[in-house]
Amino acid sequence: MELRQLQYFLEVAKREHVSEAAEALHVAQSAISRQIANLEAELGVQLFEREGRNVKLTPVGRHFLPHVETALKAIEYAKQQIEEYLDPERGTIRIGFPTSLASHTMPMVISAFKEEHPNVSFHLRQGAYKYLIEAVKKREIDLAFLGPVPTGEPGIKGEILFSEMFAALLPSNHPLAKRDSLVLNELRNEPFVTFPEGYILHQIVLDACQQAGFSPIISSEGEDLDAIKGLVSAGIGVTLLPESAFYETVPRFAVKVPIEIPQVKRNVGIIISDHHELAPSVKVFYRFVKDFFAQLERYQ
């Protein structure tokens, strides 16, 4: 069994088309067909079946696919380790982060790190809470920033970096918009704008409102911060957002009002796999991030 046979198999499985796989791999279609035929002969099974111009995995092919993906990821990781042991300052770090940390936290950390390690590259991936946890477990990314840091999650090690408060975002013409602070229960009859169910910020809003003694009336949903802020600015409803979402600016036609009771906050941190050793450049970044936020805490 050869490495290129597995690579060809994976590409055809993803695209379900031999000629498209050949184009993506920059090899002849006949070369792919021949190598897959050799792989099937060695395994003694048929991995693909034709459906018109396309091909689809057979049941045994579908069973074989995740093992091939795991093997190729392991080989790619091993190559990365070797390259970075030769020169840790030229590695590539794969980082995941949620939308709530995209505008301030991520740019701040990465720009500070690049000042000290200019030759390290980054591959950044934005995603939802559960997706990022799974991506770390599957080694699709090296680490992820999350808030809150998951606890009791198998295969994951978390490090809390800082905590931040939540505030209410209200339309600027709202009756409570000129208040210095508010009690969350005062919003019990208001329509809320939230992230969809399954997003961690959706759950934080639900939990906070329940702590205040009511269930929020969710009128609208948005999948990113700009959408949420825009809906509030348009007068569609109110929402709760972490302080980092307001960094530098509050959206036009909206007002941020601190929440006095109950205090709504979350911790923010970084997660890594506890089953695999970090590559050298990732270790450097991981240590840098912990030191960076520890210094910020001391100066605040």
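**Questions of definition in a predicted model**

Biologist: Met-1, Leu-43, Val-45 and Val-60 make a nonpolar surface patch of about 290 Å². What makes this group a patch?

Modeller: Patches are made of residues with over 30% relative accessible area and no salt bridge, where nonpolar side chains (Val, Leu, Ile, Met, Phe, Trp, Tyr) are joined within 5 Å and like charges within 9 Å. Val-60, in helix α4 (residues 59-86), has a relative accessible area of 36%, so this residue passes the 30% limit. The areas come from the Shrake-Rupley method with a 1.4 Å probe, and for residues only the protein chains shown count as cover.

Biologist: On what basis are these values given?

Modeller: This is a predicted model, in which local features need pLDDT of at least 70 and side-chain atom pairs count only at pLDDT 80 or more, while totals for chains, interfaces and linings use all residues. Residues are numbered from 1 along each chain as its sequence is written, and side-chain values use heavy atoms, with hydrogens and water left out.

Biologist: Why is Val-60 called partly exposed?

Modeller: Buried means under 20% relative accessible area, exposed means over 50%, and partly exposed lies in between. The value for Val-60 is 36%, so the residue belongs to the partly exposed class.

Biologist: What makes the surface patch of Glu-197, Glu-221, Glu-223, Asp-224 and Asp-226 one of negative charge?

Modeller: Asp and Glu count as negative and Lys and Arg as positive, whereas His and the chain ends are not counted. The place of each charge is taken as CG of Asp or CD of Glu, and as NZ of Lys or CZ of Arg. The patch consists of Glu and Asp residues, so its charge is negative. One of its members, Asp-224, is found in the loop between β9 (217-221) and α8 (225-233) and has a relative accessible area of 33%.

Biologist: Why are Lys-14 and Glu-11 separated by about one helical turn, and which of the two is exposed?

Modeller: The two are three residues apart in helix α1 (residues 3-15), and this spacing is about one helical turn. Lys-14 is exposed at 57%, whereas Glu-11 counts as buried at 11%.

Biologist: What makes the pair Asp-142 and Arg-94 a link between separate parts?

Modeller: Their side chains meet in a salt bridge at 2.9 Å, N to O. Asp-142 lies in the loop between α6 (129-137) and β5 (143-146) and Arg-94 in strand β3 (residues 92-97), so the pair ties together parts that are 48 residues apart in sequence. Asp-142 is buried, at 8%.

Biologist: What is the corresponding case for Glu-153 and Lys-137?

Modeller: The closest N and O atoms of this salt bridge are 2.6 Å apart. Glu-153 lies in the loop between β5 and β6 (156-171) and Lys-137 in helix α6, so the pair ties together parts that are 16 residues apart in sequence. Glu-153 is partly exposed at 27%, and Lys-137 counts as partly exposed at 26%. Elsewhere, salt bridges that share partners join Glu-11, Lys-14 and Arg-15 into one network.

Biologist: Which peptide bonds are called cis, with what omega values?

Modeller: The bond from Gly-147 to Pro-148 is cis, with omega near 0 degrees, and Pro-148 lies in the loop between β5 and β6. The bond from Ile-261 to Pro-262 is also cis, with omega near -10 degrees.

Terms used:
A salt bridge is a side-chain nitrogen of Lys or Arg within 4 Å of a carboxyl oxygen of Asp or Glu. Helices (H or I, at least four residues) and strands (E, at least two) are DSSP runs, numbered from the N terminus. Buried means under 20% relative accessible area, exposed over 50%, partly exposed in between (1.4 Å probe, protein chains only).
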